[in-house]
Amino acid sequence: MSIRPDGASQIASSKDSRTSRSGSTREGGVSRGAAPYLFLAPAIVLFVLFFALPIAYTVFLSFRRTQVSGLGLGRGARQEVWAGGANLQAAVSDGELWAGWLRVLGYGALVLVVMLGLALLFALFLDSAHVRLARFSRIAIFLPYAVPGVVASLLWGFLYLPSLTPIGGIDFLGATAVTYSMANVAVWGGTGFNMLVLYTNLRAIPRSYYEAARIDGASELAIALRIKLPMLVPAIVLTTVFSLIATIQVFTEPTTLRPLTNTISSTWSPLMKVYRDAFVTGDLYSAAATSLVIAAVSMVVSFGFLRVVRGRAFGEA
Amino acid sequence: MTPQRLIPTGILLIGALYCLLPVSWVLVSATKSPGELFTLGTFTPGTGLLDNLAELNSYRNGVFWKWMANTAFYAGGGALLSTVVSAVAGFALAKYRFRGRNLIFNVLIGGVLVPSVVLAVPQYLLFAKIGLADTYWAVLLPQILHPYGIYLARIYAGAAVPDSLLEAGRIDGGSEWRLLGRVGVPLMVPGMVTIFLFQFVAIWNNFLLPFIMLGDDGKFPLTVGLYTLLAAGANQPSLYNLIVTGALLSIIPLIALFLTMQRYWRTDLSGGAVKG
């Protein structure tokens, strides 16, 4: 659902130069040489077991298939054999998956634009000196971060139900409105967090910049557009990338709203199709292939986005 | 007020009301009896709160409380382990210079780009192979390592632990373990609280992993439990009261945590955000 700070590898590299300088260069005893590796051992072991191994297993499975010999009865009649690129090819050309991508594209564009737009607007307003009740608004808007995606979907789902909704006349869960209704759940859940990230970045800008601009006669709007916005660009890029990754993987909201309506299919989003393939129809191999396609799409989209904006956002060092 | 004040204040308040709407709705709806839920005005309190709580309490021998306890266990235990692993790894990455440091850091951080489903499905299959699927371990273990936690811990360690203190400790003959325990960790505590909170919320809110891993509803966290309740009750409006009351109870702990820990959300978030 919402856009959690799931990492920030983008800025990690720029930190390296600073942290490496602070690292000690004096030679140490044997124990000191091994110490950093020992400290890192738990993280590395967990990484191998719960990241590297599952990824390798997914790749392996995506090249396998079940071969049925004879009537497919009895032990040994079903065997796992190499499938080559057939599963991946099938995943790439799967019409159902493509339809899922298109739905997620429409939904995602809506969520990203509205959520990040609102987050930016709220952050700029909170940062301006002229706002009353800013603390209340900030806490209230951040509050949905504390609500799990399942519960958020459930609450909105009930508010959408014709028998419970306070707003009559709209079929929120009908075929046309359901995408917007789902996007609303994601916007509700994610705006506050992104607002807070942008707001804390705004607070970090030295106030003296604004003083100088005010002396030059700049209006608040001009300060927001000419000073604050350009300095926020790296943070906006970062929140956009993580929002993109999360949106491509949308699963919780449609899955939770599904019991309330028949307009959401079991393969509404690509991730839902993986779940269905793996656990409902039991076709692990095509589930594995589809997950790889999803991984590839998220990486291409996020790196592509970073490539496009890098020149502007990070001054192309 | 001048328009310059009125418009931003007004828009922020509208945003605040929008965000509070579903939360206040569930607060009011949990007080309605099954009949009142569909008949009373949307925001008119009802008279059924105690009945709803009693009914939820007795639902399948109190399985709801089991879900609550499970969630607290997954989130509390997972976040605690995660914080320790992150802090120790971050300390090593920030305060030592050694072969492969950047490679290890980049590989660990790169884990963030891997979509959760690419991990969750094979994790389930691998756990199933060793007979650990559908156990507490299957939900707890995969959520300990979080790349973002390590990234934050590295920044905190770099900023909060001065090299001079470590050097002084070494001159006094302290071992590297002692330096970590007596110098590094105490200075990193505020940062570790933030890592703990992020990880606690992430695990508390997680749906996909436990949904895939677990079959026995005695081990469900709240998210999966409420989902199954909804899936079972979608066609039985009589269950709606149970779902609404359960939803309310499930968000109270996190909202309480979140309001009492304001300070850590506000100040330390910037440490991990973009300040390149």
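Select chain A and chain B together and colour the residues that touch across the boundary: 107 residues from chain A and 108 residues from chain B take part in the contact, where contact means heavy atoms within 4.5 Å. The size of an interface is often given as the accessible area lost when the parts come together. Here the two chains bury about 10,200 Å² between them, with 77% of it on carbon and sulfur atoms; the buried area is the accessible area (1.4 Å probe) that two parts lose on being put together, summed over both. On the side of chain A, pick F39(A), F50(A) and F51(A), the residues that lose the most area to chain B, together 7% of what that side buries.

The model is a predicted one, in which local features need pLDDT of at least 70 and side-chain atom pairs count only at pLDDT 80 or more, while totals for chains, interfaces and linings use all residues. Residues are numbered from 1 along each chain as its sequence is written, chains are lettered from A and ligands numbered from 1 in the order in which they are written, and side-chain values use heavy atoms, with hydrogens and water left out.

Staying at the boundary, look for polar links: seven residue pairs, both members at pLDDT 80 or more, are in polar contact between chain A and chain B, meaning a pair of N or O atoms within 3.5 Å, of which, within protein, one must be able to donate a hydrogen and the other to accept it, residues adjacent in sequence counting only if both atoms are side-chain atoms. Salt bridges between chain A and chain B number zero, the term standing for a side-chain nitrogen of Lys or Arg within 4 Å of a carboxyl oxygen of Asp or Glu. Next, select helix α2 (residues 30–62) of chain A, which gives the most to the side of chain A that touches chain B, with 21 residues; helices (H or I, at least four residues) and strands (E, at least two) are DSSP runs, numbered from the N terminus. By class, that side of chain A has 73 nonpolar, 23 polar and eleven charged residues, where Ala, Val, Leu, Ile, Met, Phe, Trp, Tyr, Cys and Pro count as nonpolar, Asp, Glu, Lys and Arg as charged, and the others, Gly among them, as polar.

In chain A, select D127(A) and R207(A), whose side chains meet in one of them at 3.3 Å, N to O. D127(A) lies in helix α4 (residues 95–127) and R207(A) in the loop between α7 (178–203) and α8 (208–215), so the pair ties together parts of chain A that are 80 residues apart in sequence. D127(A) is buried at 4% relative accessible area, and R207(A) is partly exposed at 34%; buried means under 20% relative accessible area, exposed over 50%, and partly exposed in between (1.4 Å probe, protein chains only). Also in this chain, D94(A), E96(A), K273(A), R276(A) and D277(A) are linked in a network of salt bridges.

In chain B, select R60(B) and D217(B), which form a salt bridge with their closest N and O atoms 2.7 Å apart. R60(B) is partly exposed at 48% relative accessibility, whereas D217(B) counts as buried at 19%.

Finish at S82(B) in helix α4 of chain B, a buried residue with a relative accessible area of 1%. Leaving aside its neighbours within four places in sequence, S82(B) is in contact with Q143(B), I144(B), H146(B) and Q199(B).
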